[in-house]
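Visitor: I would like to go through this structure one point at a time. Please show it before we start.

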Amino acid sequence: MKALVAVKRVIDYNVKIRVKADKTGVETANVKMSMNPFDEIAVEEALRLREAGTVSETIAVSLGVAQCQETIRTALAMGADRGVLVETNAELQPLAVAKLLKAVILQEGPEIVIIGKQAIDDDRNQTGQMLSALLGWPLATFASKLKISDGHAEVTREVDGGLETVSIKLPAVVTTDLRLNEPRYATSTPSASGVVTIGFFFARMMFGSEVSPMSFSRTHLQVTAPE
């Protein structure tokens, strides 16, 4: 049984965000970048499933610029078995991310996909839901506990009224909440030998014409710092 985890490269949560002078976005030049914290939780949970003998292989996938390879290497340092980078310079929106992830999932054939509930840079909380719909797989969001047995995932979810426990049939998509686990510390960064890089156009060929340029279209009108 394979587990696939999506990991996003974001500005480190300890960095003070600065808005560009022209207000078109935030400064990323010479800024420390790290793995999205919710994705770290997803990697940790996949590794715990492997250590428990439930999962045989953990695959970390990232989408974006070449530097996203560093994020995958962090996942490998935590203990992931392999990494896949879909390299593109396009600004990826959640629907485009979900479509590209579907292409990789169809290629790799995991039984469970674990991703962070949201990224701390845009806070959209959309990719997991869109990916589930595109795949036609069951979905459990905001997981604070995960148990897999007999072809099902039992997920305790954090909801407004407290906790809700659901059972979903595998294959499935699960998005992680903060209290699911505490990620381990990556003591060393491995080489890039465990990372397979594929171009966006190859992913597009795997998935088909639905990964269209329109999936990436969005214009920033203005970005302002909080008062």
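Visitor: Which side chain makes a polar contact with the side chain of Ser 34?
Guide: The model is a predicted one. Leaving aside neighbours within four places in sequence, Ser 34 is in contact with Lys 8, Arg 9, Val 10 and Asp 12. The polar contact between side chains has a distance of 2.5 Å, and the partner of Ser 34 is Asp 12.

Visitor: Does Ser 34 count as buried or exposed?
Guide: Ser 34 lies in strand β3, residues 33–35. Buried means under 20% relative accessible area. The relative accessibility of Ser 34 is 17%, so Ser 34 counts as buried.

Visitor: Which helix or strand gives the largest share of the lining of the second largest pocket?
Guide: The second largest pocket has 25 lining residues, and those nearest its centre are Asp 12, Ser 34, Glu 40, Thr 74 and Tyr 185. At least two lining residues come from each of β2, β3, α1 (37–51) and α2 (68–78). The largest share is six residues, and it comes from α2.

Visitor: How many residues in the lining of the second largest pocket are charged?
Guide: The space in this pocket is about 650 Å³. Its lining divides into 12 nonpolar residues, five polar and, as charged residues, eight.

Visitor: What is the space in the largest pocket, and which strand supplies the largest share of its lining?
Guide: The space in the largest pocket is about 1400 Å³. Its lining has 50 residues, and Lys 8, Arg 9, Val 10, Asp 121 and Asp 122 are the closest to its centre. Elements that each supply at least two lining residues are β2 (9–11), β4 (57–64), α3 (94–108) and β6 (112–116). The largest share is four residues, from β4.

Visitor: What is the relative accessible area of Thr 176?
Guide: Thr 176 is found in strand β10, residues 172–176. Not counting residues up to four places away in sequence, Thr 176 touches Phe 38, Ile 41, Ala 42, Ile 114, Ile 115, Gly 116, Lys 117 and Ala 143. Thr 176 is buried, and its relative accessible area is 0%.

Visitor: Which residue has its backbone oxygen 3.0 Å from a polar atom of the side chain of Thr 176?
Guide: Among the residues that Thr 176 touches are Phe 38, Ile 41 and Ala 42. The backbone oxygen at 3.0 Å from the side-chain polar atom of Thr 176 belongs to Phe 38.

Visitor: Of the residues of the chain, what percentage count as buried?
Guide: The chain has five helices and 11 strands. Its accessible surface is about 11500 Å², with 49% belonging to carbon and sulfur atoms. Of its 227 residues, the buried part is 47%.

How values were computed
Residues are numbered from 1 along each chain as its sequence is written. This is a predicted model: local features need pLDDT of at least 70, side-chain atom pairs count only at pLDDT 80 or more; totals for chains, interfaces and linings use all residues. Side-chain values use heavy atoms; hydrogens and water are left out. Buried means under 20% relative accessible area, exposed over 50%, partly exposed in between (1.4 Å probe, protein chains only). Accessible areas come from the Shrake-Rupley method with a 1.4 Å probe; for residues, only the protein chains shown count as cover. Contact means heavy atoms within 4.5 Å. A polar contact is a pair of N or O atoms within 3.5 Å; within protein, one must be able to donate a hydrogen and the other to accept it, and residues adjacent in sequence count only if both atoms are side-chain atoms. On a 1 Å grid over the protein atoms alone, a cavity is a set of points where a 1.4 Å probe fits but cannot get out, and a pocket is an open set with protein on both sides within 12 Å along at least five of seven lines; lining residues have an atom within 4 Å of a point. Grid points are joined across faces, edges and corners, and a volume is the space filled by probe spheres set on the points. Ala, Val, Leu, Ile, Met, Phe, Trp, Tyr, Cys and Pro count as nonpolar, Asp, Glu, Lys and Arg as charged, and the others, Gly among them, as polar.
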